Amino acid sequence: MSIADADPTKLWSETPLIYSTHLSSRLACDVYLKLETLHPSQSYKFRGMSYFIQHALRTRGPAVRLVIASSGNAGLATACAAKALHLRCTVFLPAGASRGTLDFLRREGAQIVEDGRLYLDARHNAEAAVQADANAVMVPAYDDPLLWEGHGSMVPEIARQLPAGTRPAAIFCSAGGGGLSAGIMHGCKAVGWDDVPFVVLETHGSNCLYESLALNPGPFAAAPAAPRAGIRAAHDAAHDVTVAHLAEITSRATSLGASSPAAGVVKMALGRAGGVQSVSVPDELAMQAALGFAEDHKIIVELACSTTLTPAYKPALFDRLVPPGAPRTVVFVVCGGYNVSLAELAEYQAVLAEDLQSGGQWAVRCNGVEWGVDK
């Protein structure tokens, strides 16, 4: 049990861990899904954000004003927690947020400021607002140990929910800035699973954690490598790691669109006893997983979430990541997210239909090695 999991004042409820007959049959193993879609903000971020905000309320008092820069899900989680605790909340977003996201934020009582083209523009504006208001506190989107502690509370839940005595052969999740990854690593350590294999997935064009791990000695066979084109490498002295900064985000998985990961997460991944398999997949593979998951489980998820599920719909890829042999029980963290619609799923179908006509393979990268995955 972690500190956050044991906190009697926590705002989140335990989410279900369900056995997937569909995926278990496809992969010839026992597959469980942690349904983080069921939080008030519809993503796992409600855990860490609410935990951070409760700490701010205890240390700053009820006059505290919450300020966050977000492209969507972190802002929604902050707004939901603020409403539950009767606190003021301002969300800074780059231009282009969906009408559904803006309406959701307004229903939760958040003040909305849309300004700038990129997330970094929104963050700079949020930082200026905090400096101008003595009662304001900046709520981090993914880079803070309190967030990681809150997010990590799902792992003790998983340990209780799995059949007695079961230890996962692997846990799968997606990564943007790395907050969820850090939470799972933190939670695994709390329950004695630090050696459990951990698979972290991103999409090409948003894979800042993958590119950062490649720049450091550790899990990649050829690391440290020179940064790819369009990537700036910067050394973080506080954690003694090199961090990759993407010049632009080209993936459609916008909720994974951090231009750089938290340096503390890179450090944690490099030093983890059980290691990390860092995987980067094309958007089309994530689209295929989103459509398959909707068909199998009648749940729609955004690309940032379906990225996690890509090995579940490609058994050959799954077997490379979790080799067959001993009985396998695996957990996929269905992290949720608000950035999805039926219209987008229809668009994914059209994109895939065109892509599949060309045949061939998709390129998937894992710890510095490129694999071909049949379309």
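## A residue on the inside

S278 is buried, because its relative accessible area is 1%. Here, buried stands for under 20% relative accessible area, exposed for over 50%, and partly exposed for what lies in between, using a 1.4 Å probe and protein chains only. You will find S278 in strand β11, which covers residues 277-281.

Which residues does S278 touch, leaving out those up to four places away in sequence? They are V200, E202, Y210, L213, F220, R365, C366 and N367. A contact here is a pair of heavy atoms within 4.5 Å.

## Where the picture comes from

This is a predicted model, in which local features need pLDDT of at least 70 and side-chain atom pairs count only at pLDDT 80 or more, while totals for chains, interfaces and linings use all residues. Residues are numbered from 1 along each chain as its sequence is written, and side-chain values use heavy atoms, with hydrogens and water left out.

## The whole chain

The chain contains 15 helices and 14 strands. These are DSSP runs numbered from the N terminus: helices are H or I with at least four residues, strands are E with at least two.

How does the chain compare with a compact globule? For 375 residues such a globule would have a radius of gyration near 21 Å, and the chain agrees with its 20 Å. That radius is taken over C-alpha atoms, and the globule rule is 2.2 Å times the number of residues to the power 0.38. Of the 375 residues, 57% are buried. Among contacts with a separation of 6 or more, 71% are between residues 24 or more positions apart.

## Rings that meet

A search of the whole structure gives six aromatic pairs. Rings of Phe, Tyr and Trp (its six-membered ring) pair if their centres lie within 6.5 Å; planes under 30 degrees apart are stacked, over 60 edge-to-face, and the rest tilted. One of the pairs is W12 with Y51, which is edge-to-face because the planes are at 65°, with centres 6.1 Å apart. This pair links distant parts of the chain, 39 residues apart: W12 is in the loop between α1 and β1, and Y51 is in helix α3. Both W12 and Y51 are buried.

Y19 and Y32 also form an edge-to-face pair, at 5.4 Å centre to centre and 70° between the planes. Y19 belongs to strand β1 and Y32 to strand β2. Y19 is partly exposed at 40% relative accessible area, whereas Y32 is buried at 12%.
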